[in-house]
Structure formats: structure tokens, C-alpha cells
Amino acid sequence: MRKLAALDVARAVAEEHGVCVRPLAKERLDLDTGRVEIIPVLCGSTVASVCPTCAEKNRRLRMAQCREGWHLADEPDFTPDTPTGEQKELTAYRADLVKAYRTALEEGDETGAEEVREEIGDVDAELRGMGVRGALPSVEPRPKLARKRSTRRRQDAPNLPRRPVAKRTLGRVYGGKYRPSTFLTLTLDSYGKVRSDGTPVDPARYDYRRAARDAVHFAALLDRFVQNLRRCVGWEVQYFSTVEPQRRLAPHWHAAVRGSISRAELRAVAEATYHQVWWPNHDEIVYSGDRLPVWNLHVRGFVDPDTRTALPTWQEALDQVERPAHVARFGVQVHSKGILGGTPEAGRHIGYLTKYLTKSISECYAATTTRQEEHADRLCAELAVTPCSPQCPVWLLYGVQPRGARQSMTPGVCKGKAHKRSTLGVAGRRVLVSRKWSGKSLADHKHDRRTFVRQLLADVGITQDDQPKRVVWNNVQPGDPNVPPRQHMLLRAVAERRRWKAEYTAALLASAQPPPGEHDSSATSLAA
């Protein structure tokens, strides 16, 4: 029974050669020859427990992204390309289609309107293929309900200086040649005294409710902090950051900030930053156990199980809100440090930023004692009854219909990431990067690495002419007999990787040799 299975050996070989251990089967159709092949493609997982190879590739790609944008000396160029003639013609054609669609609706021609709507969808897909990004105008614009809330700052929050934000992303230069940047760490507020292992001294007095709500709204609090920081310093601060859990399971923020910002300003901005959650009050659970709201077909909504009275809708509940249901704040711990680019210290901090990216948030925390397990259970139990969004079915436990309520909802059961134990309430992304960080997207960084390798191979005469030029990728159907077993796909990918590695090694050796005619008496020339 201790003998290895064939799949285990194939996985071990795949890991050794840097091949995805969970390849997805895709059907590739060559439009020139008509040949159909089943190709293994990367799963793209960012968690090492799922696929260590893909997770490590993602971590190294993030390291390259962080390194390229942290100590930029020149402003990244974001000048948009000039629209092509095809893009302008297609956009004008889309405008005519929208007009025709609205005319058909006014005349009551539903069939014609549906045909025009499908044509508009095809035009939108073609525009996307041409490189047009951003939201295209909707054919049926919906009026937005403007709900006015007071923008006056809270009396218990200090004021901050507000300067005009200049259109620059680079920090100051000191001494004519030093342009330091900042490494920043922010934490949430305290919820009670904790021990060295992160567990509360008195679990009965530990504020699990506020801890769960702060975790759910942590991303919004970070966004507010960046806005306040830019208004305070007067320029567009850029950052590359990661979110990780502390020992007490509260999320905290590590950020590589471009430019130098004083510690006093960072502490002042963190102290003055808050996020108000203008949601209905959800302090007392109204329905639980077997007594839950039920769906009523006549009112097309949830009703009380006893009185059959319709629960207030989301808009009706918001109309009764007079004060925020929760206010999220940072704690007093604000750590910052100046870092110079190109130094070993900068490399160590980049490694520290991306250290835990191959693990889920829950995997960063290993409960080794019963007290730690109970602490995690208490927090997850509170997260289970904390609404994560206006559409969350957990609102039904508090007697409020979520926005967009439907019959398929189960009261108190939400599939959102915030309620999963693997996220500990942090439902957003683990890596947060500002738009003007490096002037490139993550796909651009991946393309740069691929282009470098291909150019290196081409310089020594190694090309991939056998690859098809025009292809169409399709998903395979479950049970397709043409899909090979996973062991076969793994071994095929290993063979391809070994060939690519041999070609890359040969290209490196060839590029390291001196040009012909120079150093003819060298050992390299004699060996050639």
C-alpha cells in the first residue's frame, strides 16, 4: 500500500520540472489545416496547496511587477492610442443601432428590437476585440436613485489638510540623486487584550462582532486611506500592497509606496481615516433556527413565517437609516520605513511582500492549540451572520430583504467569499495595485517575460515555426473520449518543458560566447 501510484509519480515529475500539476484540457482547432488537438493549459491557481507550480509562477510575476514600479525615475506614459478608422466606424454604426433599437421599442416591434439588440451585442464584442476598454453605453439606461448622505466629517475624527492633487506619481529627489520610497504597514483597531499567540485574554469581552465587520469592510477602509493620503501630500501616491492576517486573525496591510512620505503624515492620515457603512441596522438577529422567512409568490418577496407580512425591501430599509451601522478605523500601530531602490534591503522587502501569496489567508495562520482553534471558530461563527454586501441572503436573518431578492435564496446562507473559513472575512483580492504603478497590467508583465525568452531564442536561430498561426480554442465537454488521462497530459507537458528548457539553455550558452573573430585563442572558440 505504500507503493506510489502512477499519478503521484507524474505529479512529482511535473513539480520538479515546473509544470502545472492540474492542467485543464482545451480543444485547439487549427484554422489553416483543420487539425484538432487536445492541449493541456495551465490551471492558473495562486494557492500552492492546489498547484504549487502555478502559484510560484504567479508569485514571481508579482515580484517583477513590484520591482518595476517601486522606484521609477520617470513618469509612466498613459497617453491613449489614437482611435483607428475601424473603431470610429464601428462606434458610429453602434450609435445607429441604438437609435433603431429605441425606435423599435416605441413602435412596439419587440421582435425587431430583439434582433437589433443581438446585433449590438455582436458589435460590442467586436469593439472589445479591437482593444476598446471601459464601459460601453447601455441600450437601456436605468435612472440611478440618488440617496443623499451627509459628507461632513465625524466630530471624533481629526481634520486633515487638503491640497490640490498634482498629476504626478514620483516622489521627491534628495541630494540631487536619492529618490527613496516607503514600506508601510497598517493594522486594524484593537478588539480586546490578546496573548502572544493571538488569542484573547478574555473571550467573553473580545469584540468579535466588530472584528468581523472590520474584516468585511477592510478593502473600503484601505481605499479611503489612499484617497486621504493623496489629498494630504498633494500628489497621486502609487502603491503595491498585499493583505495578510495577524496572529489575532485581523487583516493588516503591507504596502510598497512610491516616493518618500514622513511618518508624521502617515500616522495623521491613518488616525483621521474612517469608513462609514450606511446599511440597515443588523445588531439583533430576528429569525433563526426553523423560524425563517419564506418566499411568497403573490408579493414576489420574502414574508414573515407567522404573520405572512412582507419584509421591508432593501430600499425601504435604507430609507429608515439615520446613522451608519458600522464605522471601521485603523489601529494606532503604523509602521513605515524608507527604502532606496536597487539595494539588498529593497529586494528583501519585495520578498517579504510576496512571501505568503502562495497561501490562502487561512493557511497563513496555523492553529496549534485548542485556544487558537476556539478563537478561529468564534470569529468564523460571527462572520457567518455578518452581511457581506447588499445582495447577501444573511440580511433575511435581520428581517430585511436583500437587494435583488429571489426565490432561490436560502435565508442566512451566502456563498460569498467573506463567509468562507479560507478568507477569514477578507473577500477581496490579496494583491492591491494602484492603476499607475508600473504603467503595465499584469498581462503586460507576463508578455514582457515571454517576449524576452522568444527574442533570446530567435537571436540564436531557434524559432517556433511549427506552431499554428490561426487557432480557435474551445472547451471540452465532460466525458469526451478524446481527452487523454491526466497522467498523459502531465507527461506531455513535462516533455514540452524539457525541450523548451534545453533550447533556452542552449540560447544562454550561445549568447554568452564572444562574437566570431574576437578572442580566437579563447577556450570557448577552441571548443567550438
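The largest pocket holds about 2,300 Å³ of space. This is a predicted model, in which local features need pLDDT of at least 70 and side-chain atom pairs count only at pLDDT 80 or more, while totals for chains, interfaces and linings use all residues. Residues are numbered from 1 along each chain as its sequence is written, and side-chain values use heavy atoms, with hydrogens and water left out.

**Stop 1: the largest pocket**

Select Leu42, Lys57, Arg450, Arg497 and Trp500, which lie nearest the centre of the largest pocket among its 45 lining residues. A pocket here is an open set of points on a 1 Å grid over the protein atoms alone, with protein on both sides within 12 Å along at least five of seven lines; lining residues have an atom within 4 Å of a point. Grid points are joined across faces, edges and corners, and a volume is the space filled by probe spheres set on the points.

Next colour β1 (24-30), β2 (36-41), α2 (52-70), α11 (442-459), β11 (471-475) and α12 (486-512), each of which supplies at least two residues of this pocket's lining. Helices (H or I, at least four residues) and strands (E, at least two) are DSSP runs, numbered from the N terminus. α12 provides the largest share of the lining, 8 residues. By class, the lining of the largest pocket has 18 nonpolar, 9 polar and 18 charged residues. Ala, Val, Leu, Ile, Met, Phe, Trp, Tyr, Cys and Pro count as nonpolar, Asp, Glu, Lys and Arg as charged, and the others, Gly among them, as polar.

**Stop 2: the sheet with β1**

Keep β1, β2 and β11 selected: they form an open sheet of 3 strands in the order β2-β1-β11, with antiparallel pairing. β2 and β11 are the edge strands, each pairing on one side only. From one strand to the next the twist averages 35 degrees. Two strands pair if DSSP finds at least two bridges between them, and β1 and β2 have 6 bridges in the antiparallel sense. To see one of these, pick arginine 28, whose bridge partner in β2 is glutamate 37.

Axes are lines fitted to C-alpha atoms, for helices over the stretch in contact (heavy atoms within 4.5 Å). Angles run from 0 to 180 degrees between N-to-C directions.

**Stop 3: the second largest pocket**

Move to Phe78, Arg133, Ser434, Arg435 and Lys436, the residues nearest the centre of the second largest pocket, which is lined by 47 residues. The elements giving two or more residues to this lining are α2, α3 (85-107), α5 (208-216), α6 (218-233), β4 (239-245), β10 (431-433) and α11. About 1,600 Å³ of space lies in this pocket. The largest share of its lining, 7 residues, comes from α6.

**Stop 4: strand β4**

Select β4: 7 of its 7 residues are buried (under 20% relative accessible area, with a 1.4 Å probe and protein chains only), so the strand is largely enclosed by the rest of the structure. In a regular strand the side chains alternate between the two faces of the sheet. In β4, Tyr239, Ser241, Val243 and Pro245 point one way, and Phe240, Thr242 and Glu244 the other way.

Threonine 242 stands opposite histidine 254 in β5. β10 also runs antiparallel to β4, joined to it by 3 bridges, and there the bridge partner of threonine 242 is valine 431.

**Stop 5: the loop and the cavities**

The hairpin of β4 and β5 has 5 residues between the strands, and leucine 249 takes a positive phi near 75 degrees there. Arginine 248 is also in the loop between β4 and β5. Arginine 248 is buried, with a relative accessible area of 14%. Its contacts beyond four places in sequence include Asp189, Tyr191, Tyr206 and His375. Its C-alpha atom is separated by 7.4 Å from that of valine 194, 54 residues apart along the chain.

Arg248 and Leu249 are among the residues lining the largest cavity, together with Tyr191, Tyr206 and Leu424. A cavity is a set of grid points where a 1.4 Å probe fits but cannot get out. The largest cavity holds about 50 Å³ of space, and its lining has 9 nonpolar, no polar and 1 charged residues.

Finish at the second largest cavity, with a volume of about 30 Å³. Select Leu184, Phe225, Val226, Leu229, Val237, Tyr239, Trp253 and Val257, which line it. α6 gives the most to this lining, with 3 residues.

Technical notes: Buried means under 20% relative accessible area, exposed over 50%, partly exposed in between (1.4 Å probe, protein chains only).
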